[in-house]
Amino acid sequence: MAGDELRTRIVIMFDREPELSTLLLQHPHRLVIDLPKASFGFDKTSLEPRGLVTNVRYGLMDEHRSRMILTLRGPFKVEGLRVLKNENAPGYRLVADMVATSDREFAEAIQTQNASTGSTEAGSKGDRIGKAEDPVPPHVFTVMIDPGHGGIDAGAESPRGVKEKDVTLAFARELRDVLKENANIRVLMTRDDDRFLRLNERVRIARQHEADLFISVHADTINLRNIRGATVYTISDKASDSMARAMAERENKADAAAGVTHEEPPEVTDILMDLTRRETHAFSLNFANKVVQALEGETTLINNPHRYAGFQVLRAPDVPSVLVEIGYLSNAEDEKLMTDPGWRARVAGLLAEAVKRFSALKSGGTFSKG
């Protein structure tokens, strides 16, 4: 297995060409691969959880059939599943590409599967899901708030010992509560307690719930203690300045702080995906500008408050995403404000207004980059 929480490739080697069938199951999300009777020779390392896959089970079903069950972190789609003849060695290989998707897309795939004759024949009685499909609720404009860091990854820390993970969670909860007052906006959080989440897992959660907007909240430190104020970042391969580049490099190392190594997923080149990314990026820029407009004159902003760099947590191809630096813990004045409930409530209210304006534009299907 190779990849991350957004895209994982699984390769299984066979001594001869297998005839197989597959089945999607939910509660939890699983991919079942049914095979003729087989001898399994996996080593322990190859079955260790990786990327989207959290568990692998396998064995004989009866004297004629074998089965593999892959349990995944959340909803997924099988983007490609093919059996190929090995070019430079005897035997065949199964290559399966699994991509994180939304609850709605997975439910639709289940419905399509169960509408096909014989689609559930391979499932045992307890596994069959055609009688209890989850309803697909109508989509409501959804905001995913992502409090930066958490758990073993404390993030930045002020000279007085205030931790970034606590500041971001407190502000995120305030923003959530303000947004919940609007019945037309659904508000979710990647974490609502002190837990560690990998960067790609944060992105996967946003995609699972088909978020229309992803807001990652941070409060970094910097060597220049006189620098203070809020900053809004959007993603770009090229950083707007050295400060933004350094900020992205620090934040992209969040996984390493918890002893987790980052593994690049299999790269996909697709014209439709590229168009999706462009549209998503335009929406991200639009919202970033609205945040700056909402905060300008109401709270302190850094010079050139809209900046950009290669933040890994902002890389969902289909979810407009921004990273909001609400202030710098290295600055005593910013630290004092960020730990003040009154300030948090006021700034969360300003940010919520930007969300509401963006929601109205996005829901209407029209927007400008300004």
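Me: Why is Arg 16 called exposed in this structure?

Reply: In this predicted model, Arg 16 has a relative accessible area of 58%, and because the word exposed applies to values over 50%, Arg 16 is counted as exposed. Asp 15 is likewise classed as exposed, at 63% relative accessibility.

Me: What makes the contact between the side chains of Arg 16 and Asp 15 a salt bridge?

Reply: The N to O distance is 3.6 Å, and since a salt bridge requires a side-chain nitrogen of Lys or Arg within 4 Å of a carboxyl oxygen of Asp or Glu, the pair of Arg 16 and Asp 15 qualifies.

Me: Why is the pair of Arg 250 and Asp 220 said to tie together parts of the chain?

Reply: The closest N and O atoms of this salt bridge are 2.7 Å apart, and because Arg 250 belongs to helix 4 (residues 242-251) while Asp 220 sits in the loop between strand 11 and strand 12, the pair joins parts that are 30 residues apart in sequence. Asp 220, at 3% relative accessibility, is buried, whereas Arg 250, with 37%, is partly exposed.

Technical notes. Residues are numbered from 1 along each chain as its sequence is written. This is a predicted model: local features need pLDDT of at least 70, side-chain atom pairs count only at pLDDT 80 or more; totals for chains, interfaces and linings use all residues. Side-chain values use heavy atoms; hydrogens and water are left out. Buried means under 20% relative accessible area, exposed over 50%, partly exposed in between (1.4 Å probe, protein chains only). Helices (H or I, at least four residues) and strands (E, at least two) are DSSP runs, numbered from the N terminus.
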